[in-house]
Amino acid sequence: MNYTTFGDTKERVSRLGFGCMRLPTRLGQDGKEQVDEEAAIEMLRKGYELGINYFDTAYFYHGGQSEVVLGKALQGLRDRVLVSSKCPGDRVKKPGDYRRILEEQLTRLGTDHLDFYHYHGVSYDGFMEVEKRAGWHAEAVKAKSEGLIRHVSFSFHSEKPEDMIRLVDTGYFETVLCQYNVLDRSNEAGMAHAKAKGLGVTVMGPLGGGRISGLPKELIEKCGIEVSASAELGLRFVATNPNVDILLSGMSAMPQLLENAATVSRLTPLSPAEHEGIVKMAEEMKTLSDLYCTGCEYCMPCPFEVNIPFVFEQMNYHKVYGLTELARKNYAMIGKMPWFRGKNAAACTECGECETKCPQHLKIRDQLKESHAALG
Ligand code: SF4
Ligand code: SF4
(Lines give C-alpha, C1' and ligand atoms only; values in the text may rest on other atoms or scores of the structure.)
(Ligands and ions follow the chains in the order given, each with its own letter.)
Protein backbone atom coordinates (compact mmCIF):
# COMPACT_ATOMS: atom_id res chain seq x y z
CA MET A 1 0.00 0.00 0.00
CA ASN A 2 1.10 3.57 -0.62
CA TYR A 3 0.79 6.11 2.18
CA THR A 4 0.87 9.89 2.36
CA THR A 5 0.69 12.67 4.94
CA PHE A 6 -2.84 14.05 5.10
CA GLY A 7 -2.33 17.80 4.88
CA ASP A 8 -1.63 19.69 8.09
CA THR A 9 -3.37 16.98 10.12
CA LYS A 10 -0.03 15.13 9.80
CA GLU A 11 -1.91 11.81 9.86
CA ARG A 12 -0.29 9.06 7.77
CA VAL A 13 -3.07 7.73 5.58
CA SER A 14 -3.29 4.93 3.03
CA ARG A 15 -3.84 6.31 -0.45
CA LEU A 16 -6.73 3.89 -0.90
CA GLY A 17 -9.60 4.61 1.48
CA PHE A 18 -12.39 2.12 2.18
CA GLY A 19 -15.76 3.75 1.48
CA CYS A 20 -18.53 1.96 3.40
CA MET A 21 -21.53 3.14 1.37
CA ARG A 22 -21.76 0.01 -0.78
CA LEU A 23 -21.00 -2.88 1.50
CA PRO A 24 -22.15 -6.32 0.34
CA THR A 25 -25.86 -6.86 0.96
CA ARG A 26 -28.37 -9.70 1.07
CA LEU A 27 -32.11 -10.00 1.52
CA GLY A 28 -33.24 -10.25 5.14
CA GLN A 29 -36.12 -12.38 6.44
CA ASP A 30 -38.44 -9.40 5.99
CA GLY A 31 -37.56 -9.34 2.28
CA LYS A 32 -35.62 -6.11 2.65
CA GLU A 33 -32.04 -5.61 1.63
CA GLN A 34 -29.55 -5.44 4.47
CA VAL A 35 -25.79 -5.44 4.91
CA ASP A 36 -24.38 -8.93 4.71
CA GLU A 37 -22.50 -8.58 7.97
CA GLU A 38 -20.28 -11.61 7.64
CA ALA A 39 -19.16 -10.74 4.10
CA ALA A 40 -18.73 -7.05 4.95
CA ILE A 41 -16.66 -7.71 8.06
CA GLU A 42 -14.46 -10.15 6.15
CA MET A 43 -13.86 -7.51 3.47
CA LEU A 44 -13.20 -4.68 5.92
CA ARG A 45 -10.68 -6.74 7.87
CA LYS A 46 -9.05 -7.86 4.65
CA GLY A 47 -8.81 -4.18 3.69
CA TYR A 48 -6.93 -3.55 6.93
CA GLU A 49 -4.59 -6.49 6.24
CA LEU A 50 -3.90 -5.04 2.80
CA GLY A 51 -2.76 -1.79 4.43
CA ILE A 52 -5.89 0.39 4.29
CA ASN A 53 -6.07 2.54 7.42
CA TYR A 54 -8.77 5.07 6.38
CA PHE A 55 -12.38 3.88 6.69
CA ASP A 56 -15.19 6.23 5.74
CA THR A 57 -18.85 5.89 6.62
CA ALA A 58 -21.84 8.20 7.24
CA TYR A 59 -24.97 8.45 9.37
CA PHE A 60 -27.21 7.47 6.45
CA TYR A 61 -25.16 4.78 4.72
CA HIS A 62 -27.13 1.53 4.56
CA GLY A 63 -29.76 3.13 6.81
CA GLY A 64 -27.28 3.31 9.71
CA GLN A 65 -26.07 -0.30 9.37
CA SER A 66 -22.81 0.79 7.76
CA GLU A 67 -21.60 2.42 10.99
CA VAL A 68 -22.67 -0.56 13.09
CA VAL A 69 -20.94 -3.10 10.84
CA LEU A 70 -17.79 -0.99 10.52
CA GLY A 71 -17.65 -0.76 14.32
CA LYS A 72 -17.86 -4.55 14.60
CA ALA A 73 -15.23 -5.07 11.91
CA LEU A 74 -12.78 -2.76 13.64
CA GLN A 75 -13.02 -4.39 17.06
CA GLY A 76 -9.46 -4.86 18.28
CA LEU A 77 -8.12 -2.64 15.48
CA ARG A 78 -9.59 0.70 16.44
CA ASP A 79 -6.36 2.32 17.61
CA ARG A 80 -4.58 1.27 14.40
CA VAL A 81 -7.01 2.84 11.93
CA LEU A 82 -8.61 6.20 11.18
CA VAL A 83 -12.40 6.34 11.19
CA SER A 84 -14.31 9.00 9.30
CA SER A 85 -18.05 9.64 9.45
CA LYS A 86 -20.47 12.40 8.48
CA CYS A 87 -23.09 14.56 10.12
CA PRO A 88 -26.39 14.88 8.20
CA GLY A 89 -27.15 18.63 8.01
CA ASP A 90 -30.87 18.16 7.42
CA ARG A 91 -31.15 16.50 10.86
CA VAL A 92 -29.36 19.39 12.61
CA LYS A 93 -32.34 21.66 13.30
CA LYS A 94 -31.31 23.33 16.54
CA PRO A 95 -28.38 23.65 18.96
CA GLY A 96 -27.72 20.29 20.60
CA ASP A 97 -28.72 18.18 17.57
CA TYR A 98 -25.15 17.94 16.33
CA ARG A 99 -23.96 16.57 19.66
CA ARG A 100 -26.87 14.13 19.99
CA ILE A 101 -26.28 12.76 16.49
CA LEU A 102 -22.52 12.50 17.04
CA GLU A 103 -23.05 10.54 20.27
CA GLU A 104 -25.48 8.21 18.47
CA GLN A 105 -22.85 7.59 15.79
CA LEU A 106 -20.14 6.89 18.38
CA THR A 107 -22.44 4.31 19.98
CA ARG A 108 -23.18 2.69 16.62
CA LEU A 109 -19.48 2.52 15.84
CA GLY A 110 -18.57 1.30 19.33
CA THR A 111 -15.86 3.92 19.71
CA ASP A 112 -15.21 6.95 21.91
CA HIS A 113 -14.02 9.24 19.12
CA LEU A 114 -14.06 9.86 15.37
CA ASP A 115 -10.81 10.77 13.64
CA PHE A 116 -12.59 12.79 10.94
CA TYR A 117 -16.10 14.14 11.23
CA HIS A 118 -17.51 15.59 8.03
CA TYR A 119 -20.36 17.91 7.53
CA HIS A 120 -22.17 15.79 4.93
CA GLY A 121 -22.54 17.01 1.35
CA VAL A 122 -22.51 20.77 1.81
CA SER A 123 -22.59 23.76 -0.49
CA TYR A 124 -21.57 27.14 0.95
CA ASP A 125 -25.15 28.33 1.45
CA GLY A 126 -26.26 24.96 2.78
CA PHE A 127 -23.51 24.99 5.37
CA MET A 128 -24.23 28.58 6.43
CA GLU A 129 -27.93 27.86 6.80
CA VAL A 130 -27.30 25.12 9.33
CA GLU A 131 -24.56 27.18 10.99
CA LYS A 132 -27.08 29.98 11.50
CA ARG A 133 -29.90 27.84 12.86
CA ALA A 134 -27.88 25.40 14.98
CA GLY A 135 -24.41 26.89 15.65
CA TRP A 136 -22.77 23.93 14.05
CA HIS A 137 -19.16 25.05 14.11
CA ALA A 138 -19.17 26.01 17.81
CA GLU A 139 -20.45 22.49 18.56
CA ALA A 140 -17.69 20.97 16.43
CA VAL A 141 -15.04 22.99 18.27
CA LYS A 142 -16.47 21.85 21.61
CA ALA A 143 -16.61 18.21 20.53
CA LYS A 144 -13.02 18.47 19.37
CA SER A 145 -11.85 20.03 22.64
CA GLU A 146 -13.48 17.10 24.47
CA GLY A 147 -11.74 14.55 22.24
CA LEU A 148 -14.93 13.24 20.61
CA ILE A 149 -13.65 14.21 17.17
CA ARG A 150 -10.04 14.75 16.17
CA HIS A 151 -10.40 16.60 12.86
CA VAL A 152 -13.19 18.77 11.44
CA SER A 153 -13.99 18.02 7.79
CA PHE A 154 -16.59 18.61 5.12
CA SER A 155 -17.81 16.62 2.15
CA PHE A 156 -18.64 18.81 -0.78
CA HIS A 157 -21.61 18.73 -3.16
CA SER A 158 -22.50 21.92 -4.95
CA GLU A 159 -23.47 23.10 -8.38
CA LYS A 160 -20.96 25.89 -7.87
CA PRO A 161 -17.38 24.55 -7.72
CA GLU A 162 -16.22 27.93 -6.34
CA ASP A 163 -18.19 27.12 -3.19
CA MET A 164 -15.36 24.84 -2.14
CA ILE A 165 -12.95 27.77 -2.08
CA ARG A 166 -15.38 29.80 0.03
CA LEU A 167 -15.82 26.94 2.48
CA VAL A 168 -12.06 26.38 2.76
CA ASP A 169 -11.59 30.10 3.42
CA THR A 170 -13.81 29.98 6.50
CA GLY A 171 -10.77 28.38 8.14
CA TYR A 172 -13.06 25.87 9.90
CA PHE A 173 -11.92 22.70 8.19
CA GLU A 174 -8.91 20.39 8.20
CA THR A 175 -9.88 18.03 5.37
CA VAL A 176 -12.30 17.91 2.44
CA LEU A 177 -13.97 15.08 0.52
CA CYS A 178 -15.17 15.74 -3.02
CA GLN A 179 -15.97 14.16 -6.37
CA TYR A 180 -13.11 13.94 -8.88
CA ASN A 181 -12.25 11.81 -11.87
CA VAL A 182 -11.08 12.26 -15.42
CA LEU A 183 -14.65 12.88 -16.59
CA ASP A 184 -15.52 15.30 -13.81
CA ARG A 185 -12.71 17.77 -13.18
CA SER A 186 -14.93 20.60 -11.93
CA ASN A 187 -13.41 20.54 -8.43
CA GLU A 188 -9.78 20.80 -9.56
CA ALA A 189 -9.35 24.47 -8.61
CA GLY A 190 -11.07 23.95 -5.25
CA MET A 191 -8.85 20.97 -4.48
CA ALA A 192 -5.71 22.97 -5.32
CA HIS A 193 -6.88 25.77 -3.04
CA ALA A 194 -7.67 23.33 -0.24
CA LYS A 195 -4.26 21.73 -0.54
CA ALA A 196 -2.51 25.12 -0.56
CA LYS A 197 -4.34 25.99 2.66
CA GLY A 198 -3.09 22.80 4.33
CA LEU A 199 -6.24 20.67 4.09
CA GLY A 200 -6.08 16.95 3.42
CA VAL A 201 -7.96 16.09 0.21
CA THR A 202 -9.95 12.89 -0.31
CA VAL A 203 -11.69 12.15 -3.61
CA MET A 204 -14.68 9.91 -4.23
CA GLY A 205 -15.56 8.41 -7.58
CA PRO A 206 -11.88 8.20 -8.57
CA LEU A 207 -12.66 5.60 -11.21
CA GLY A 208 -15.63 7.49 -12.50
CA GLY A 209 -17.82 4.54 -11.58
CA GLY A 210 -15.53 2.16 -13.46
CA ARG A 211 -16.20 3.81 -16.80
CA ILE A 212 -12.58 4.29 -17.66
CA SER A 213 -11.79 0.59 -17.68
CA GLY A 214 -14.22 -0.82 -20.23
CA LEU A 215 -13.78 1.34 -23.28
CA PRO A 216 -13.64 0.01 -26.83
CA LYS A 217 -10.15 -0.98 -27.93
CA GLU A 218 -10.39 1.24 -31.01
CA LEU A 219 -11.07 4.33 -28.89
CA ILE A 220 -8.18 3.61 -26.56
CA GLU A 221 -5.77 3.09 -29.47
CA LYS A 222 -7.05 6.21 -31.24
CA CYS A 223 -5.95 8.22 -28.19
CA GLY A 224 -2.42 6.79 -28.29
CA ILE A 225 -2.80 4.67 -25.17
CA GLU A 226 -1.60 1.08 -24.75
CA VAL A 227 -4.73 -1.08 -24.37
CA SER A 228 -2.99 -3.17 -21.68
CA ALA A 229 -2.47 -0.02 -19.56
CA SER A 230 -5.96 1.42 -19.94
CA ALA A 231 -7.68 -0.26 -16.97
CA GLU A 232 -5.58 1.64 -14.46
CA LEU A 233 -5.37 4.93 -16.31
CA GLY A 234 -8.39 6.55 -14.68
CA LEU A 235 -7.05 5.80 -11.24
CA ARG A 236 -3.53 6.91 -12.13
CA PHE A 237 -4.94 10.13 -13.58
CA VAL A 238 -6.53 10.95 -10.21
CA ALA A 239 -3.55 9.76 -8.15
CA THR A 240 -1.09 11.78 -10.23
CA ASN A 241 -2.83 15.01 -9.25
CA PRO A 242 -0.57 16.35 -6.46
CA ASN A 243 -3.62 17.78 -4.70
CA VAL A 244 -5.16 14.35 -4.06
CA ASP A 245 -4.27 12.43 -0.91
CA ILE A 246 -6.82 9.61 -0.55
CA LEU A 247 -8.71 7.80 -3.30
CA LEU A 248 -11.92 6.68 -1.65
CA SER A 249 -13.59 3.69 -3.22
CA GLY A 250 -16.94 2.29 -2.16
CA MET A 251 -16.23 -1.42 -2.42
CA SER A 252 -18.83 -4.16 -2.38
CA ALA A 253 -17.00 -7.36 -3.32
CA MET A 254 -13.73 -9.01 -2.38
CA PRO A 255 -12.28 -9.16 -5.94
CA GLN A 256 -12.87 -5.41 -6.29
CA LEU A 257 -11.03 -4.77 -3.01
CA LEU A 258 -8.10 -6.97 -4.04
CA GLU A 259 -7.86 -5.30 -7.45
CA ASN A 260 -8.08 -1.75 -6.08
CA ALA A 261 -5.52 -2.45 -3.37
CA ALA A 262 -3.11 -3.99 -5.88
CA THR A 263 -3.58 -1.06 -8.28
CA VAL A 264 -3.02 1.61 -5.65
CA SER A 265 0.01 -0.27 -4.28
CA ARG A 266 1.78 -0.17 -7.62
CA LEU A 267 0.65 3.28 -8.72
CA THR A 268 3.05 5.12 -10.95
CA PRO A 269 2.48 8.68 -12.13
CA LEU A 270 1.14 9.24 -15.65
CA SER A 271 3.69 10.26 -18.25
CA PRO A 272 2.86 13.52 -20.11
CA ALA A 273 1.89 11.43 -23.19
CA GLU A 274 -0.43 9.21 -21.11
CA HIS A 275 -1.94 12.29 -19.47
CA GLU A 276 -2.64 13.81 -22.87
CA GLY A 277 -4.05 10.51 -24.12
CA ILE A 278 -6.47 10.03 -21.25
CA VAL A 279 -7.73 13.62 -21.42
CA LYS A 280 -8.37 13.09 -25.13
CA MET A 281 -10.12 9.82 -24.39
CA ALA A 282 -12.40 11.53 -21.85
CA GLU A 283 -13.31 14.16 -24.41
CA GLU A 284 -14.10 11.44 -26.96
CA MET A 285 -16.32 9.70 -24.42
CA LYS A 286 -18.26 12.87 -23.76
CA THR A 287 -19.14 13.00 -27.41
CA LEU A 288 -20.32 9.38 -27.20
CA SER A 289 -22.68 9.94 -24.33
CA ASP A 290 -23.80 12.63 -21.94
CA LEU A 291 -25.05 10.03 -19.50
CA TYR A 292 -22.22 9.99 -17.04
CA CYS A 293 -24.05 8.48 -14.12
CA THR A 294 -21.51 7.38 -11.51
CA GLY A 295 -23.94 5.05 -9.76
CA CYS A 296 -23.50 7.03 -6.52
CA GLU A 297 -27.18 6.46 -5.61
CA TYR A 298 -27.61 9.90 -4.07
CA CYS A 299 -30.83 10.19 -6.10
CA MET A 300 -32.28 7.17 -4.32
CA PRO A 301 -34.71 6.16 -3.05
CA CYS A 302 -37.16 7.21 -5.73
CA PRO A 303 -40.64 7.50 -4.17
CA PHE A 304 -41.96 5.48 -7.11
CA GLU A 305 -39.21 2.85 -6.85
CA VAL A 306 -37.49 3.58 -10.14
CA ASN A 307 -34.02 2.03 -9.92
CA ILE A 308 -32.37 5.06 -11.49
CA PRO A 309 -28.66 4.09 -11.20
CA PHE A 310 -29.32 0.61 -12.59
CA VAL A 311 -31.30 1.98 -15.55
CA PHE A 312 -28.50 4.43 -16.34
CA GLU A 313 -25.86 1.76 -15.96
CA GLN A 314 -27.64 -0.24 -18.65
CA MET A 315 -27.91 2.86 -20.82
CA ASN A 316 -24.17 3.38 -20.54
CA TYR A 317 -23.57 -0.25 -21.53
CA HIS A 318 -25.67 0.45 -24.60
CA LYS A 319 -24.48 3.92 -25.52
CA VAL A 320 -20.86 4.06 -24.44
CA TYR A 321 -19.72 0.47 -24.64
CA GLY A 322 -22.00 -0.85 -27.38
CA LEU A 323 -23.22 -3.72 -25.17
CA THR A 324 -26.84 -3.30 -26.29
CA GLU A 325 -27.92 -6.90 -26.01
CA LEU A 326 -26.70 -7.20 -22.43
CA ALA A 327 -28.26 -3.84 -21.56
CA ARG A 328 -31.71 -4.86 -22.89
CA LYS A 329 -31.53 -8.21 -21.13
CA ASN A 330 -30.69 -6.59 -17.80
CA TYR A 331 -33.34 -3.90 -18.27
CA ALA A 332 -36.01 -6.55 -18.84
CA MET A 333 -35.06 -8.19 -15.54
CA ILE A 334 -35.72 -5.10 -13.39
CA GLY A 335 -38.21 -6.01 -10.67
CA LYS A 336 -38.23 -9.69 -11.68
CA MET A 337 -35.30 -10.93 -9.60
CA PRO A 338 -34.26 -9.85 -6.10
CA TRP A 339 -30.92 -8.39 -7.24
CA PHE A 340 -32.57 -6.42 -10.06
CA ARG A 341 -34.67 -4.50 -7.57
CA GLY A 342 -37.17 -1.67 -8.06
CA LYS A 343 -38.96 -0.62 -11.24
CA ASN A 344 -37.85 0.41 -14.69
CA ALA A 345 -38.01 3.91 -16.18
CA ALA A 346 -41.68 3.56 -17.17
CA ALA A 347 -42.65 3.97 -13.49
CA CYS A 348 -41.27 7.52 -13.38
CA THR A 349 -43.98 10.09 -12.64
CA GLU A 350 -41.59 13.00 -13.35
CA CYS A 351 -41.93 14.35 -9.81
CA GLY A 352 -38.36 15.70 -10.07
CA GLU A 353 -37.25 14.78 -6.54
CA CYS A 354 -34.22 12.82 -7.75
CA GLU A 355 -32.80 15.70 -9.80
CA THR A 356 -32.38 17.87 -6.71
CA LYS A 357 -30.07 15.21 -5.22
CA CYS A 358 -27.87 14.24 -8.18
CA PRO A 359 -24.29 15.55 -7.78
CA GLN A 360 -23.78 15.08 -11.53
CA HIS A 361 -26.77 17.38 -12.18
CA LEU A 362 -28.20 14.89 -14.65
CA LYS A 363 -31.52 15.58 -16.34
CA ILE A 364 -32.77 12.33 -14.90
CA ARG A 365 -36.35 12.59 -16.12
CA ASP A 366 -35.35 13.19 -19.75
CA GLN A 367 -32.70 10.53 -19.64
CA LEU A 368 -35.07 7.96 -18.15
CA LYS A 369 -37.43 8.53 -21.07
CA GLU A 370 -34.56 8.11 -23.50
CA SER A 371 -33.45 4.96 -21.67
CA HIS A 372 -36.91 3.37 -21.82
CA ALA A 373 -37.21 4.15 -25.51
CA ALA A 374 -33.85 2.49 -26.20
CA LEU A 375 -34.06 -0.48 -23.85
CA GLY A 376 -37.72 -1.07 -23.01
S1 SF4 B 1 -38.57 12.09 -11.30
FE2 SF4 B 1 -39.08 9.93 -11.68
S3 SF4 B 1 -37.24 8.81 -11.12
FE4 SF4 B 1 -37.05 10.86 -10.22
S5 SF4 B 1 -37.82 10.60 -8.12
FE6 SF4 B 1 -39.55 11.28 -9.40
S7 SF4 B 1 -40.55 9.38 -10.08
FE8 SF4 B 1 -38.52 8.84 -9.29
S1 SF4 C 1 -28.52 9.70 -11.46
FE2 SF4 C 1 -27.11 11.08 -10.37
S3 SF4 C 1 -27.50 10.70 -8.22
FE4 SF4 C 1 -28.42 9.02 -9.34
S5 SF4 C 1 -26.84 7.44 -9.33
FE6 SF4 C 1 -26.59 8.60 -11.23
S7 SF4 C 1 -25.08 10.18 -10.75
FE8 SF4 C 1 -25.81 9.38 -8.79
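1. The shell around ligand 2 divides into 11 nonpolar residues, three polar residues and one charged residue; here Ala, Val, Leu, Ile, Met, Phe, Trp, Tyr, Cys and Pro count as nonpolar, Asp, Glu, Lys and Arg as charged, and the others, Gly among them, as polar. In this predicted model, 15 residues surround ligand 2, and Cys293, Cys296, Glu297, Cys299 and Cys358 are the closest; a residue is near a molecule if one of its heavy atoms lies within 4 Å of it. Helix H12 (residues 308–319) gives the most to this shell, with three residues. Helices (H or I, at least four residues) and strands (E, at least two) are DSSP runs, numbered from the N terminus.

2. Ligand 1 has 13 residues around it, of which Cys302, Cys348, Cys351, Gly352 and Cys354 come nearest. By class, nine residues of the shell around ligand 1 are nonpolar, two are polar and two are charged.

3. On conventions, residues are numbered from 1 along each chain as its sequence is written, while chains are lettered from A and ligands numbered from 1 in the order in which they are written. As this is a predicted model, local features need pLDDT of at least 70 and side-chain atom pairs count only at pLDDT 80 or more, whereas totals for chains, interfaces and linings use all residues; side-chain values use heavy atoms, with hydrogens and water left out.

4. The protein chain contains 14 helices and 12 strands. Of its 376 residues, 52% count as buried; buried means under 20% relative accessible area, exposed over 50%, and partly exposed in between (1.4 Å probe, protein chains only). Among contacts between residues at least 6 apart in sequence, 74% join residues at least 24 apart, where contact means heavy atoms within 4.5 Å.

5. The largest nonpolar core has 71 residues, and Phe18, Leu44, Tyr98, Leu102, Ile149 and Phe154 touch the most other members. Such a core is a set of buried Ala, Val, Leu, Ile, Met, Phe, Trp, Tyr and Cys residues joined through side-chain atoms within 4.5 Å. Leaving aside neighbours within four places in sequence, the contacts of Phe154 include His118, Tyr119, Met164, Phe173 and Leu199. A second, separate core of 21 residues includes Ala345, Cys354, Cys358 and Ile364.

6. Helix H3 (residues 97–109) has 13 residues, which at 1.5 Å a residue should span 18 Å; its end C-alpha atoms are 18 Å apart, in agreement. The expected span is 1.5 Å times one less than the number of residues. The buried residues of H3 are Asp97, Tyr98, Ile101, Leu102, Gln105, Leu106, Arg108 and Leu109. Seen down the axis, they fall within an arc of 165 degrees, so they line one face of the helix; the arc is that of the directions from the helix axis to the C-beta atoms. Their cover includes helix H2 (65–73), strand S7 (82–87), strand S8 (114–122), helix H5 (136–145) and strand S9 (149–156). Gly110, which follows H3, has a positive phi near 65 degrees.

7. In H5, Trp136, His137, Glu139, Ala140 and Ala143 are buried. They cover an arc of only 155 degrees around the axis, which puts them on the same side of H5. Exposed Ala138 and Ser145 are carried on the face turned away from that buried side. H3, S8, helix H4 (124–134) and S9 are among the elements that cover the buried residues of H5. Just after H5, Gly147 takes a positive phi of about 80 degrees.

8. Ser123, in the loop between S8 and H4, touches His157, Ser158, Asp163 and Leu167, not counting residues up to four places away in sequence. Asn243, in the loop between helix H9 (230–240) and strand S12 (246–250), is buried, with a relative accessible area of 18%.

9. Some backbone features deserve a check. Most residues other than glycine have a negative phi, and most peptide bonds are trans. The peptide bond from Met300 to Pro301 is cis, with omega near 0 degrees, and Pro301 lies in the loop between helix H11 (272–288) and H12. Glu305, in the loop between H11 and H12, has a positive phi of about 65 degrees although it is not a glycine; Glu305 is partly exposed, with a relative accessible area of 46%. His361 also has a positive phi, near 55 degrees, and counts as partly exposed at 41% relative accessibility.
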